[in-house]
Amino acid sequence: MFAHILRRLIVWVPSVLLVMLGVYALAFYGAGDPIKLIFLRAPGDVAYDPVKIEAIRAEAGLDRPFLVQFFSYIWNLMQGNFGNSLTSGRSVWAMVSAAAPVSAALGLMTIVVTALVAVPLGMIAGMRQNSRLDYFILGTAVALWAIPAYVAGPLLMVLLLMILPDGAVPYGWGGIFSVKILLPLIVLSFQPIALILRQTRAAVIEVLSEDYVRTARAKGVPEHMVALRHILRPVLTPVVTQLGLIMITIVNGAIFVELVFGLPGLGRLTVQALINNDYPVILAVTLIGSFLVMASNLLVDLLYPLLDPRAADVKGS
Amino acid sequence: MTLLDIKGLTIDIARDTGPARVVDGIDLAVMEGESLGIVGESGCGKSLTMLSLVGLLPNRIRATGGQALFGGRDLLKLSAKELRKVRGSEIGFIFQDPMTSLNPVIRIGDQIAEALIYQKGLTRAQAKDRAVELLALVGIPAPEERANAWPHELSGGMRQRVMIAMGLAGNPKLLIADEPTTALDVTIQAQIVDLVRELKDRLKMSVVWITHDLALIAGLADRIAVLYAGTVVEDAPVDAIFDRPTHPYTRALLGSLPTLAGAAMERLPSIAGTPPEPGRRPPGCPFAPRCAFALPSCREAVPKLQSVPGNARHKVACPVMLEANV
Amino acid sequence: MTMIDIEDKPSSLWRDAWRRLKRNKLAVAGLAIIAALVIVSVFGPWLSPYDFLSQNLDLRNQPPSSQHWLGTDDLGRDVMSRLIYGARTAFMVAVGVTIIAVLIGVILGAIAGFYGGWFDRFVMWFTDITMSVPQLLLVVVINASLKQPISLWMEARYMETLNPIYRNTQIVDFVLVFGAMALITWPPYARLVRAQVLSVRQRPYVTAARALGLTNRLILTRYVLPNAMGPLIVAVSAGLGTAMVLESAFSFLGVGVTPPTPSWGNMISDGLRVWTNYPHLLAAPAAVLAVVTVAFNFLGDGLNDALNPKGQK
């Protein structure tokens, strides 16, 4: 098991570094001179005093070679220093840590809702394959999957606006126990639910044709226990491996959902940074988002032997 | 005493174009303590016949007629709930491929114990103990340890022994073995056959052994029923089948067995043609198109099973051979 | 002999697939909607009742009426005309992006499949990494970093040549949007083609043909691509839908095509600002985008079932 973890990490760490390098390189060569970017925003003519600029540049260590700067950025990252925002001058770390709890709460709840809704519905659809119920569930899932969060969110709001009196439509952030979280949570869950529902259904259909399900029935195991032990258990293995993909849909979706519903999370931070071309912030949120997805993939990799005893054996040998 | 009595069983596949018949009026009985071999090519309906007894037919395939009397009830008329109680505790099953028939993510001890928990109402601990006993019964060494093994950690022969232990867990009166040795090596096949024969005597069960390999069950079966295209074409004590095979299909099957005596193995005789597709069965005797002895009359009426003169237990569905024999 | 094989099989295979597709009502509906979208995109200028840019400040934020079927926006522009031109944008971006992504995917996948070894491992590693970066964030980064240099370069070229084409901001938008999106959507195609190359290479007739001096390029065009066509079509239909959604997503965030070029995404984003007073400005583009994406999904699923009859959905 330890060797397995080590092996996965040996592949994983360079992958994370490569993503960081790519994103950092885009920033380094593309975004333009950070000093100039700062001074362009400053009032007056400071921006055009080359001597002063060079002095600040040297002081900030920005005249060093690319790779040196890259690794010093990584070094700072590991110490929780993401640099400062170009617009507000605040520490990016402070901005991120203020916004992260909102997104984390929303994201975790989305995963819980997804698991609770998608797996049972996918089971039902799969076990009643080609029935009306199956078509209904599957059709809804396709529709949910196809409608992006920035469409579903506003449409739902328009709908609520027509039903509820003015001013009663929830907007903003009130913590995870507030009613306000419901709408963003529902909208953010749409795509992950659709994804997991279809995965579960497909896996159920495959498992149903397995001989061991017939064996279980032939033993006289009651149908609900066949579903739980012999169908759900093997179905969960491929479904859990989708965690990384779910993470991507959540990270993508959160950007829109937070914007549409006015939640002060990482997604909204991203959009603001984008509008202001606030490069250190964009860099930070991109790295966090990619890191989350890659960490989920690593987690799945590490957990897989526990889910599938056959995989554990292969690794052991 | 008759344990199982199947009369006029028909099974249809629901196709887009309409139902297609795969089992066409099978009559078959199993006596208490008897072992019956069912022989036929793949697709002749031998497995479906047995699966229909306990309601395990695949989707879109249904028993549409006839009856199957077992312990005074017609199995085909039982509710799903009643059938579940029959499965395992009255009729046990062993399936073909022990690789795919065992759940890969459940330890084998738990898979055996599961049957006991639901059938006999044992507690987890009792069931676990009993599972170990059953593993010992089917000849698995170090059963306590093996109970905690995953299916993929066992060899094919061991897995099939586990399957047998599962089939026996509920003390069934009838054990149905659906080609249990097809996926195994020849030497292992013999071991499994011996094991089932021994257990049958020890536990006083009846056994139905489905196979396409006549030679394999020669030493196991008391009686053999030969199926062709969803009908029984010959049903006789095992000696009679080997000594006096009567139906042309049975003869052809036996003819295609390699024997030591036929050392001149120039070519194994094979039966020309293929069995009819379900739903495209010819009028009259289904074997007639492939039969060397077929007469025009064979293509008119479906022949019925009739006793061979002098042996009431030897029944054949071939008037032509019966007359010729007389 | 092998030639007959290939020529013979696909034709009946395609006919079978078409027959299966026609039986799937949802897929046919999806196909119809997409066909309508293509027609609207191509013939947009003749179909739209007004110029998408013409403003009528006397008729701002009008609700739907007989003159303006879907009303007008905050500048008095006809919403329906803008939707039709938005379809053009969406269609152009989707097709452009998919073509580039398929080219990148086919080339990388084929090279990886044929040469194997470290290059193969590198490409697959790179594929995995690309797929694990959230697409939106990557495009945000690419956009934020590349937009300025490209604009500056264009401006410099304009100063040199005085060719007005270099002052067309639409070109920058499209290059950026196309480029960034193609850069993130190629991995599925690469995987698919690589898998196909690996399986085709093992077939005896290909081994035999190689012994006779068949080049990799010929194997690719004669064996791999025809065989990969089915899965590739499924992937492309899904990819077109994804690209369309992504385009509107970027435009929504303000990193896609810039106004006044109409795009469903920036219409939704504009509508979002005034949705409490003028819900139709939000509902119209949102509904159109939803219908089109659902159509692509139904068609994709239908194609998948029709072209891979054995595979479970």
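Biologist: In which order do the 8 strands of the open sheet in chain B stand?

Modeller: As a general idea, strands of a sheet pair through backbone hydrogen bonds, either parallel or antiparallel. In chain B the order is S6-S7-S8-S3-S9-S10-S12-S11, with mixed pairing. Strand S6 (91-94) and strand S11 (306-308) of chain B are the edge strands; each has a single partner strand, so one side of each lacks a neighbour in the sheet. From one strand to the next the twist averages 25°. Two strands pair if DSSP finds at least two bridges between them.

Biologist: What should I know about the model and its numbering?

Modeller: This is a predicted model, in which local features need pLDDT of at least 70 and side-chain atom pairs count only at pLDDT 80 or more, while totals for chains, interfaces and linings use all residues. Residues are numbered from 1 along each chain as its sequence is written, and chains are lettered from A and ligands numbered from 1 in the order in which they are written.

Biologist: How many bridges join S7(B) to S8(B)?

Modeller: There are 5, and the two strands run parallel; B:Leu175 stands opposite B:Val207 in S8(B). S3(B) also pairs with S8(B) in the parallel sense, over 5 bridges, and B:Gly37 has B:Trp209 as its bridge partner in S8(B).

Biologist: At what angle do the axes of helix H11 and helix H12 of chain A cross?

Modeller: Two packed helices are described by the angle between their axes and the distance between the axes. For H11 (residues 243-261) and H12 (residues 266-276) of chain A, the axes come within 7 Å and cross at roughly 85°. H11(A) is therefore roughly perpendicular to H12(A) (the class for 65 to 115 degrees; under 35 is roughly parallel, over 145 roughly antiparallel, the rest oblique). Axes are lines fitted to C-alpha atoms, for helices over the stretch in contact, and angles run from 0 to 180 degrees between N-to-C directions. Among the residues making the contact are A:Val257 of H11(A) and A:Val271 of H12(A).

Biologist: How many residues does the contact take from chain C and from chain A?

Modeller: It takes 38 residues from chain C and 45 residues from chain A, where contact means C-beta atoms, placed from the backbone, within 7 Å. The side of chain C that touches chain A has 27 nonpolar, 9 polar and 2 charged residues. Ala, Val, Leu, Ile, Met, Phe, Trp, Tyr, Cys and Pro count as nonpolar, Asp, Glu, Lys and Arg as charged, and the others, Gly among them, as polar.

Conventions: Contact = placed C-beta atoms within 7 Å. Helix = DSSP H or I, 4+ residues; strand = E, 2+ residues; numbered from the N terminus.
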